[in-house]
Amino acid sequence: MVAAIWVSFAAAGATTASEVSVRVRVWTEHGVPASNAYVALVPVWRPWSAPLVEEIAETGSRTFHVPKGVYHLVAGAGGF
C-alpha cells in the first residue's frame with residue numbers, strides 16, 4: 001500500500017507591512033484532513049533542522065504569521 005499526504009498552502013494578505021499569513025492544509029490520500037500533522041516553515045537560508053515556526057496541526061490545518069520571504073514547507077503525519 002502506498003501512503004500519501006497532500007499539502008496545500010496559500011499566502012494571505014499581510015498582517016503588517018513586513019509580515020504575511022500562510023495557511024497550510026494537510027490531507028490524506030482519501031481527501032480528509034490529516035489530524036495531528038506536523039507542519040513547519042523553514043527560511044531558505046536556515047538549515048532544515050531550524051524551522052522559523054513549527055506546530056502540530058490537530059485538525060490538519062494551521063495558519064502561520066511570518067516575515068515576508070522564501071520558505072521551505074515541511075509537513076508530515078502519522079502513517080505517511
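Me: Why is Ser 21 called buried?
Reply: Buried means under 20% relative accessible area, exposed means over 50%, and partly exposed is in between (1.4 Å probe, protein chains only). Ser 21 has 8% relative accessibility, so it counts as buried. Bear in mind that this is a predicted model, where local features need pLDDT of at least 70 and side-chain atom pairs count only at pLDDT 80 or more, while totals for chains, interfaces and linings use all residues. Residues are numbered from 1 along each chain as its sequence is written, and side-chain values use heavy atoms, with hydrogens and water left out.

Me: Where is Ser 21 found?
Reply: Look in strand S2, residues 19-28. Strands are DSSP runs of E with at least two residues, helices are runs of H or I with at least four, and both are numbered from the N terminus. The protein chain has six strands and zero helices, in the order β-β-β-β-β-β from the N terminus on.

Me: What makes a set of residues a nonpolar core, and which residues are in the largest one?
Reply: A nonpolar core is a set of buried Ala, Val, Leu, Ile, Met, Phe, Trp, Tyr and Cys residues joined through side-chain atoms within 4.5 Å. The largest has 12 residues: Val 20, Val 22, Val 24, Val 26, Ala 34, Ala 37, Val 39, Leu 41, Ala 57, Phe 64, Val 66 and Ala 77. At least two residues each are supplied by S2, strand S3 (37-43) and S5, with the largest share, four residues, coming from S2. As background, nonpolar side chains in soluble globular proteins tend to be buried together.

Me: Why does Ala 77 count as buried?
Reply: Ala 77 has 10% relative accessibility, so it counts as buried. Its place is in the segment after strand S6 (71-76). Ala 77 and Val 26 are 51 residues apart in sequence, yet their C-alpha atoms are 8.4 Å apart in space.

Me: And why is Ala 57 called buried?
Reply: Ala 57 has a relative accessible area of 2%, so it is buried. You'll find Ala 57 in strand S4. Contact means heavy atoms within 4.5 Å; beyond its neighbours within four places in sequence, Ala 57 is in contact with Ala 34, Ser 35, Asn 36, Ala 37, Val 39 and Arg 62.

Me: What about Asn 36: what is its phi?
Reply: Asn 36 has a positive phi of about 55°, although it is not a glycine. Most residues other than glycine have a negative phi. Asn 36 is in the loop between S2 and S3, and its relative accessible area of 46% is why it is partly exposed.

Me: Why is Glu 58 called exposed?
Reply: Glu 58 has a relative accessible area of 60%, so it is exposed. Glu 58 lies in the loop between strand S4 (53-57) and S5. Leaving aside neighbours within four places in sequence, Glu 58 is in contact with Ser 35 and Asn 36.

Me: Why is Val 70 exposed?
Reply: Val 70 has a relative accessible area of 59%, so it is exposed. Val 70 lies in the loop between strand S5 (61-67) and S6.
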